[in-house]
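Subject: Structure handover

Hi,

Here is the structure I promised you. Please open it first, then read my notes below.

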Amino acid sequence: MGKLPTFSTGMFRKARASGVNTNCVQVARHAGWVVVRNSKNTAGAGVGDPQLWFTEAQFDGFQGAVRSGLADGHDLAVDRCSDGTYVFRNTNPQ
């Protein structure tokens, strides 16, 4: 696999299903990749900006499945934590 592309802050867009001022998920697409991150973190801050990376095919497959109610068995999983927050994870690491 080649070098991963660089994503700049301006490439991220807030997900439509995010809250107005809280629980904001940002998504960016570039060079065949999709990155998902928390808007409260500083983009590109390394440990302070955890990001989930997916190929466009993985992310699009999951997104389509969620919209149709069939999200099980896809590369992206969403888990609800006991504190009410959600954790997104890639079930098929690159």
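Is tryptophan 53 buried, partly exposed or exposed? Tryptophan 53 counts as partly exposed, because its relative accessibility is 22%. Buried means under 20% relative accessible area, exposed means over 50%, and partly exposed is in between (1.4 Å probe, protein chains only).

Two notes on the source. This is a predicted model, where local features need pLDDT of at least 70, side-chain atom pairs count only at pLDDT 80 or more, and totals for chains, interfaces and linings use all residues. Residues are numbered from 1 along each chain as its sequence is written, and side-chain values use heavy atoms, with hydrogens and water left out.

Now the rings. The whole structure holds 4 aromatic pairs. Rings of Phe, Tyr and Trp (its six-membered ring) pair if their centres lie within 6.5 Å; planes under 30 degrees apart are stacked, over 60 edge-to-face, and the rest tilted. One of the pairs is phenylalanine 7 with phenylalanine 12, tilted, at 6.2 Å centre to centre and 45° between the planes. Both phenylalanine 7 and phenylalanine 12 are buried. Phenylalanine 7 also pairs with tryptophan 53: the centres are 5.0 Å apart and the planes at 90°, so this pair is edge-to-face. Ring pairs link Phe7, Phe12, Trp33 and Trp53 into a cluster.

Next, arginine 37. Arginine 37 is buried, at 5% relative accessibility. Arginine 37 lies over the face of phenylalanine 12, 5.1 Å from the ring centre. That label needs NZ of Lys or CZ of Arg within 6 Å of the ring centre and within 35 degrees of the ring normal.

Best wishes
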